[in-house]
Amino acid sequence: MATVGSVLLPLAVVFALTAPTQSFDPVTGASFNHRNITERAILRKAAEVCQNIAAANGVPFDLTIDDSLTPDQVVQACFSSTSLVSSVSFNAVIADIYLSNGDVDLRFAGRTEYHFNDETFEMGRTLITEGLSAVRASTNMGNFITARSVLGEVLHTLQDFYSHSNWVELGNTAPYDALITPALPLGNLAGPTVPTCTNCISGDCTDNILPAVLNDGLLTSGYFDRLSSNKPEGKCSHGGPLDLTSTQEPVGGINKNTFDSDHGFLHQEAADLALRASLDLLENIRIGVGDQDFLRLVGVFSAPVLCFVIDTTGSMGPEIDEVRRVSAEIITSRLGTGLEPPFYILVPFNDPEIGPVLQSSDSAPFIQRINALTANGGGTTPELSLSGLQLALTAAPPFSEIFLFTDAPARDTELRPTILALIANTRSRVTFMLTDVLDGRRKRDLQGVAPRVVTQTQAELYREIASASGGLTIEVPNSNLSMVTIFIEDSIAIAVVTVFQEVKNPGAACNFSFLIDDTLRNITILLTGTPSLTFTLRSPSGATQTSSEVSEPLASFSLASNLRRLRLNSDSETGLWEISVNSTDPYSVKVIGQSSLDFIYNLVEVQDGASTDFFRQEGRPISGGNASLLVTLTRSDGVSVTQVALLDTLNGTEVNGTLQAITDSTYVVTFSNVTGGTYVVLLRGEASNSTSRMTAGSFQRQGSTQITTSNIVVNALSNTTIMEPGSSATIPFTVALITNGVVDESAMGTFTVSATNDRGFLIASPSSVTIGPDSGGIANGTVTLTAPADALSGSDVTLTIAAEDAAAMNSNNVVLRFPVFRVTDIDAPACLVGASSNCPANESICGFFMWNFMTNVTDGINGTDVEIAVLEGNGTLTTGTEVGPDGENIALVFYTASCCANTVVLSAVDNAGNVGRCEGQARESDLEIVPPVCLGVNATACPTDVSLCDSSQWSFVVNVTDNNGTGIANITIALGNGVLNTSMEVGPGGEAVSVASYTGSCCAERVVLAATDNAGNVGFCSVNAREVVDAPPVAVPPPVINTDEDEDAAADGGRTLNTLPHLWIAAVALLLWI
């Protein structure tokens, strides 16, 4: 699903204007491209996160993290304790992100800031930082689909910087951190009138950047325009055959998109930096949202979601009870294992209330909400079932299993085009649990609500939706509901694949064959139909079992109303099976099993040129035109695809596609002149490492979602990418008739338009559009979508625009997702003054010494609380909080570690998810390494009522000595805003003792003093005011000098950080705030 502005592009003029040649080679060839840079970054970062989680839990992680990783390898390593896993979700999310990345070249081809062309560094950085904030906000609210689309867009712009600017030519070997850190300045930019390039000589652009630019370290980028050769005098061009500015002096360009580009000699370096920068951005997101939500964002989870849509009107009491039972059973059996669902989604619907949607990674609120459901209200037989389903389809991840429980027909049938569009977009499967349909039995009157029944005619809409999604319509009396909910457990098991599925409507006697391979387990055949349906199952060796046999020789068989379930025996043969079904009524056949071998596909537009470029296609493919699929296998180890076909659901004929391998597991499949109809994708292949006995490793898989062609095309492009609360988005759209793959410019006609959204946002849309004479065969319309002022930042909205011809024979659609986000805080927390101590230069004695690092972190006056964590380092972290002089919150950070690990990297994350980093390092010292020591502390108290702190003061006195060292040079306040006085005394051993007296406001109850000796060693003393009730502070005389240990000092009201005084080492702070 695209974010705003995704466009179907069959129109030649649009392709000409948006040909994607101004960024990294989009798809194929020897050069690196946005797809493989993005995929490698996601694979490596996901593996690193799983590795860190495993290390924290003491679990082995057996995977080498490099650029050769595959999604299957990463998922296997992340869930090594689970015997069977599927990488379908991971593969699907990676594809979604890199297709969103590629969409930028189509949607924003003329927007220079999206590509860092024309020296638009400030605007490009703003796109990255605001987009990064939107990704974190959406992820924190569980809106992962929208977050992925924005992530793809942000990655595109970030990656383009290294190809389109002269960052590499300047000799930089690390990513430009300022691009993802708003607090860092974009320094040394070439001014608008500063010449940056000279002419390329005979096509050689090796030295076309002016020496003055390189010597002065000026940052520039190439100018690009497809329509005009104009550019500022002396400026570099992007270059390439479609860049007209490169024909104007200075001629040539500086882009590094491919090895053949003007600066292709630096393509490898640019791609490497783009990969490293992508990893840095993903790490920023991971720190901001946490490990588990990051893995959910990129699709690394082993089990499917649990998603229920349930009618809560008055007659649904038994159904709600059954949902409670099956939910508790599933959760209890899977909690804490690799089988546990990554998300729990619940959508109740009543009349007129719909929702709210509960989406949680925690089973507790899910069970709590289900237990709180009651059957009440309603009274009208049709209910708002499609409205509830719409919310589930936009909330659930792609490829989800959604179960809808109701005993009433749909009242909101106008949502049919929206539901079908969302199913095609998300490829989620919908199964309807309909009670009391087949024989018209009526429920008894419950809670004064009249009993209801769904007629066969009314159930037809549910059957159409289920068939389109690859789900089922199970019709059963509520008294037998528990007998069919076993199908829920079948469907949400790990790694469920569809081997074969077909619907016969009208019914007829038919033989169906399907291939069973040796990777499959728990193979189940599901048939729905009327009681008169009979079948005969036949194995590859000729053994049979009929519908009158409930067990042996081939399968166990159970019957519950219209659902027949056959579970093949565990020792079932591999090879070609057959099932013969006899029924004159409509029925369905579905064969599923569990296997790590599966596939995903995306409809794409293919453009032939110097390379083959593909981009996401929204809506339905065109009747009579070419259709292309991007197909990805979930395994590549010895597995190959031999055939991808479109299976006609009406007559069972197959349309074979032409395969082009992109990688070992990814193919572009092209189908020529696809006739009008409805299809499913059928894939066949060979597994060379198979142990199959009967079929030499052959396998087949089938896509669940139906693909329906259309001779209508709908294009839409928004004026915005992110909606703010209270703002409106204007979405112009066009509708056209297509003949032989191109717009029929002579066509005329009127089309019904349906524009809906899933959040109830105000929407203005025409009810129809008309292609008139002299319109070029195109009808134009505009949809305006308005977000309410109280819409939550981080939420999203899904807009569906569907158009249908006057005869209701053809329709098409476009689905757009808008992140709703208000930019209020994109600044990361800042690291303030800090200090660290020294470690001995002799590393052989590092184990005998500790070092200390102290810093303060704030998010500013208008910022939020800050969460501190150790990113790199194995020491002990202690944090506290104080209020700064201007009312800002300050995080007090103390870190102690062995001198054998003398560096630390801390993360600081505010409530908006902005990430700051602070690096500390102990310096080497050959000087005296014993710091000053804080001895006895005597402190006064502050009232427990913090409202009295302004009118109260506290004080303490502490003795500090350097023993027989070089002597105390000074004592300063490292933390605190009071008054410090010091004096000198002589201790009982003749050593010099500094007496430090501090007085300050009770609003700052924690003070840290830094004592520096004449050798530069620093010791720290941290003192807290003791709390007493209603006791004003009293002055306390200096304590008697002593050498008691810190426990005695703490017992006297203060505490020092010098728990090992002889190990404290002096230092000057070394801080890098990034």
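On a 1 Å grid over the protein atoms alone, a pocket is an open set of points where a 1.4 Å probe fits, with protein on both sides within 12 Å along at least five of seven lines, and its lining residues have an atom within 4 Å of a point. Grid points are joined across faces, edges and corners, and a volume is the space filled by probe spheres set on the points. The structure is a predicted model, in which local features need pLDDT of at least 70 and side-chain atom pairs count only at pLDDT 80 or more, while totals for chains, interfaces and linings use all residues. Residues are numbered from 1 along each chain as its sequence is written, and side-chain values use heavy atoms, with hydrogens and water left out.

The second largest pocket has a volume of about 800 Å³. Its lining is made up of 30 residues, and Glu-283, Arg-286, Ile-287, Leu-871 and Arg-917 lie nearest the centre. Helices (H or I, at least four residues) and strands (E, at least two) are DSSP runs, numbered from the N terminus. With those labels, α2 (34–56), α8 (267–289), β39 (866–872), β42 (903–910) and β43 (915–921) each supply at least two residues of this lining. Helix α8 gives the largest share, seven residues. Sorted by class, the lining has 12 nonpolar, seven polar and 11 charged residues; here Ala, Val, Leu, Ile, Met, Phe, Trp, Tyr, Cys and Pro count as nonpolar, Asp, Glu, Lys and Arg as charged, and the others, Gly among them, as polar.

Turning to the whole protein chain, 17 helices and 54 strands are assigned. Of its 1074 residues, 58% count as buried, where buried means under 20% relative accessible area, exposed over 50% and partly exposed in between (1.4 Å probe, protein chains only). Among contacts (heavy atoms within 4.5 Å) between residues at least 6 apart in sequence, 74% join residues at least 24 apart.

Salt bridges come next. A salt bridge is a side-chain nitrogen of Lys or Arg within 4 Å of a carboxyl oxygen of Asp or Glu, and by this rule the count comes to 31. One of them pairs Arg-44 with Asp-67 at 3.0 Å, N to O. Arg-44 lies in helix α2 and Asp-67 in the loop between α2 and α3 (71–78), so this pair ties together parts that are 23 residues apart in sequence. Both partners are partly exposed, Arg-44 at 21% relative accessible area and Asp-67 at 37%. Another salt bridge joins Arg-107 and Glu-153 at 2.7 Å, N to O. This pair links distant parts of the chain, with Arg-107 in helix α4 and Glu-153 in helix α6 (residues 144–164), 46 residues apart. Here Arg-107 is buried at 10% relative accessibility, and Glu-153 is buried at 9%.

The backbone also holds some details worth a look. Most residues other than glycine have a negative phi, and most peptide bonds are trans. A cis peptide bond joins Glu-249 and Pro-250, with omega about -5°, and Pro-250 sits in the loop between α7 (211–215) and α8. The bond from Asp-351 to Pro-352 is also cis, with omega near 15°. Asp-118, not a glycine, has a positive phi of about 55° and is partly exposed at 21% relative accessible area. Ala-495, likewise not a glycine, has a positive phi of about 60° and is buried at 7%.
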